[in-house]
Structures are given as C-alpha cells and as structure tokens.
Amino acid sequence: MDPRNSDGSASRRPLDLTQLRTFLAVYRAGSLTEAARRLGLAQPTVTGQIRSLEQQLDHQLFERLPRGVAPTAVAHDLAARISAPMDQLALVADRTTTAPAEPVHLGGPAELLAVRVLPVLAPLVARGVRIRVSAGLADDLLDGLRARRLDLVLSAIRPRGRSVVATPLMDEEFVLVAAPTWAARIGPLAADDPAPLDDVPLIAYAEDLPILRRYWRHVFRNRLTSPPALVVPDLRGVLAATVAGAGVTVLPRYLCVEELRTGALVPLLEPEEPPINTGFIVERANSVPDPAATRVRDVILRAARAW
C-alpha cells in the first residue's frame, strides 16, 4: 500500500513499534546482518522492515556500504528522538521475558582491562549487565568502534576524526624498574647518563621497544639502540619476567605498584618529570548508546578518578 496521501505528502499514520525497534537495532549494530542476529530475525525481514519505514518517512535511513550500513542524518535524528523511550519500553518488557539484553562490547589493552577495568565492572555483571571484552591494539580497536563492532574502547592514543568522541580517562606514569639483584649490580643512575644500562638485558612487549624508547628519549635525552633480550606481547608477562630477574624494563606504575611496594621491583630512577601517557574512553559521535553501554562507561569514568 502506498504510504502517501492523495496530495503526494508522506502518510501521517503512526509509526510501527516493531519497525522502530528494528531500526534502532540496525542503527546500533551498523549492519543488517548483525541486527538480524541480535533480534533473532531473518535478514530479509529486517531489510523489509527498514524499507517499509523509509517509505513511510519518505527518507532514506541508511546508506548501504560494502560492509554494513551507514546512518543518514535523518537516521541520527530519529535515533536521538526514539532511543530513550524505546529503551525504557525494552526495560519494562525485559521484566516479563527471559530474553537477555544485548551485551556491551568493550575493547582495550589487555593489561588495563584485567587490572583496572574488569574488577570495577564486576558489580554490573552481577546485576545482569552482559559484557563482551576484546583486547588488542588501539588502532584496531578504534576501527572496530567505527565499524560498530564495539560500543566502547579504552585507548592509549587520542583518536582523530569526527566519527568518535574521546574522554580523558587516566594518566599512566612510566617507571624504569628491575629486580633488586639487578638494581644492586647497576648501581645509582643519573638522568643524564644511561651508560650503566648498556649491557643489561632489556625486556619489552614489542620488538621495536616503544615504551623503552620513549623513556630513553624523554628522560635520558638519548636514542635507545640496544635490541631487546626478551619480548613478551603482554605487559603482565613483562612484569613477571622482570620480577624473576630477567633484566630491566619500563612499565606503567599502576601495573607494578604492588611489586614496588613490597620491594619485588626497584625503581632505578625517579625523574622529576617521568613520561606520562593519557588514556581515553572512546565512543561513537552522533550516536545514541544503549543504556547498558552508558552504565559501563559511567562506572569506568567514576572509578578512573582514583587510578
């Protein structure tokens, strides 16, 4: 049936709640296929509902891409207007159904997630919020956020572009550390002379020693040229190897604060201005997150005040 009135204008009949629910799922998933999976529908059904809603509104809602869909300005406006009431309606419906809510997809560095983030999210999980965690490099995770595979990303770099919004989360201070046996062998260090470290095994999480090179450049004003003795692609592994006496490394202070407190690790140098890196929590711009993602974001931001 043609949704237009006799004068050619768009029909004023009420919008269908089922179609609006499907629209919101496609908007948040960024994909007809993924929205169909989340809704438990066949993809042709989802496609048909979106087309019907576009016909009734007389506006295109999504641009079809090689992978997924991109919301139009009309879709952004519609999502902003209906998301809150639709989410409230879903909350009421959830009380009378056993169907679980969609999980929040969170990405970030494995170490930060394990040490800082997951413990503060435990109460949310206990209250029924479902979360799926992905660990990886910042650039890959931010690509996943833009492609709507992730809802939130913890990033060690400030992302560029207008498609995402980054909120400062915490400052990581980096510290040069070793086990007490190595600290005794190296002796006192001066910020203008890294020579005592020339023959000491270096432990890194990547072959190009990004954290170590930054520390050398920032503190010693010197270019680090020594290759790593041990490469472990997880800072928790770097920490374990350093505590065991494998050599020297640079770690975020939050990751080794307990080892520094107990003396399992010793800071080799305490510069007046240590290297600091700001972390961010990132979400999509011009997007309406679901209530669970908002709760996850707010819990992390509140907890980060004490990090």
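Predicted model: local features only at pLDDT ≥ 70, side-chain atom pairs only at ≥ 80, totals over all residues.
**Exercise 1.** Describe where Ala70 is found and which residues it is in contact with, leaving aside neighbours within four places in sequence.

*Solution.* Step 1: Ala70 belongs to strand S2, residues 69-71. Step 2: With those neighbours left aside, Ala70 contacts Leu61, Phe62, Glu63 and Leu65. Step 3: Val231 lies 161 residues from Ala70 along the chain, and 40 Å separates their C-alpha atoms.

**Exercise 2.** Classify the crossing of helix H1 and helix H3 and state which residue classes make up their contact.

*Solution.* Step 1: The axes of H1 (residues 17-29) and H3 (residues 43-57) come within 9 Å and cross at roughly 110 degrees. Step 2: Angles of 65 to 115 degrees count as roughly perpendicular, so H1 is roughly perpendicular to H3. Step 4: The contact has 6 nonpolar, 6 polar and no charged residues.

**Exercise 3.** Identify the residues that touch the most other members of the largest nonpolar core.

*Solution.* Step 1: This core has 57 residues, among which Leu176 and Leu197 touch the most other members. Step 2: Strand S6 (residues 164-178) supplies the largest share of the core, 7 residues. Step 3: Not counting residues up to four places away in sequence, the residues that Leu197 touches include Leu176, Trp216 and Phe220.

How values were computed. Residues numbered from 1 in each chain as written. Heavy atoms only, no water. Core = buried A, V, L, I, M, F, W, Y, C linked by side-chain atoms within 4.5 Å. Buried < 20%, exposed > 50% of the residue type's maximum accessible area, 1.4 Å probe, protein only. Helix = DSSP H or I, 4+ residues; strand = E, 2+ residues; numbered from the N terminus. Contact = heavy atoms within 4.5 Å. Axes fitted to C-alpha atoms, helices over the stretch in contact; angles between N-to-C directions. Parallel < 35°, antiparallel > 145°, perpendicular 65-115°, else oblique. Nonpolar A, V, L, I, M, F, W, Y, C, P; charged D, E, K, R; others polar.
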